[in-house]
Amino acid sequence: MLILEAKRLGFEVAVLDPAKDCPCHSIADIHIVKGFKDESGFSELAKVSQVITYEFEHISAELLSMLEDKGHKIFPSVASLRTIQDKLWQKTALLGKNIAVPNFLAVENAKDIENYFNKKGTPLFLKSRRGGYDGKGNFFIKSASDIALGYEKLNGNENELMIEDAVNYEREVSVIATRAENGECEVYPIADNIHKDSILDTTFIPANISKSTEKKVMEIAKSVLECFNGVGTFCVELFIEKGTKRVLVNEVAPRVHNTGHYTIEACRTNQFENHIRAITGLGLGSAEMVVGASIMKNVIGGKGENGKAVFEGIEDAYKIKNVNAHIYGKTEVKEGRKMGHFTITAKTLSECVKILDKINIKAVKAK
């Protein structure tokens, strides 16, 4: 999706991806088939690029730093990536700027977790500090008997871990924001997110929150980008605490994000175009919505669906106005794998919900 916007603006694009049949392969001008931690691959990419960006944060900050030291332009910066990659460093940086986050603590061993749990007496999350996504790398501790299992599951003897209080939230929301080098910033409408099995399932826009909470979320989003001196599109995921309405930052992603896919159809300038415009020095476009409401729903591989991918339900979905399907070009469907998404737009959210109930796009294994 980034490539499509870059090429529309007249840019040529080189990609680094170890998979020969990756979704980018058919549309990139150059595809370097090497790993995300392959030094020679990074060097090849730098040789043919005037600016480097990424849409996946689990890459080598060390190799990017090597390129940055040689004068190559990299956005978002390696410093911001390095901090965000480590959840402990990320939360520490946010707290240092007085941005509210759930209580957290680094742990060295299972005893540290036990001591914290006994002191608080409330559920908590045990987290790998690096590499986790879509619930991977997290373990929910409800009772003392979960501690040893969680420590083992996350391989605590070898991996750096942290613990974080489980927030009793009424909503999970996110906000996409793009910032240019000169500090210009565009903040997109806030999205209401529904997760299933820790994977984003559906996003509703606008979020069902009060004007005062909306203002607070928007201010936090701008503060987060300033905290990391971000250039490009970022996503800030937040909890709205039940009862208190406190807004807490859950996680920051230094990239375009799944919860911002709705912007392709629903906003004047989508998150992908604005990211390209930010990193190439073009002025940013407006993030305002051009429709009253939108829903984005992921197409995710179902239980037991592992094999060559085919899609069902698109033809029926396209009999309904204001529906757009996006298929990512992943050749293999896997259980829990995001294979695409579809967007619904309408004047009101209730109209979008009525349409959603009629759509059943699925990614399944070929018979």
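Phe 140 has a relative accessible area of 35%, so Phe 140 is partly exposed (buried is under 20%, exposed over 50%, partly exposed in between; 1.4 Å probe, protein chains only). The model is predicted: local features need pLDDT of at least 70, side-chain atom pairs pLDDT 80 or more, while totals for chains, interfaces and linings use all residues. Residues are numbered from 1 along each chain as its sequence is written, and side-chain values use heavy atoms, without hydrogens and water.

**Aromatic pairs**

Rings of Phe, Tyr and Trp (its six-membered ring) pair if their centres lie within 6.5 Å; planes under 30 degrees apart are stacked, over 60 edge-to-face, the rest tilted. The count is three aromatic pairs. Two of them are tabulated here.

| Pair | Centre distance | Plane angle | Class |
|---|---|---|---|
| Phe 36 and Phe 56 | 5.3 Å | 50° | tilted |
| Phe 125 and Phe 140 | 5.0 Å | 35° | tilted |

Phe 125 sits in strand β4 and Phe 140 in strand β5, 15 residues apart (strands are DSSP E runs of at least two residues, helices H or I runs of at least four, numbered from the N terminus). Phe 125 is partly exposed at 29%. Phe 36 lies in the loop between β2 and α2, Phe 56 in the loop between α2 and α3, 20 residues apart. Phe 36 is partly exposed at 28%.

**Charge over a ring**

Arg 130 lies over the face of Trp 89, 5.3 Å from the ring centre (the rule: NZ of Lys or CZ of Arg within 6 Å of the centre and within 35 degrees of the ring normal).
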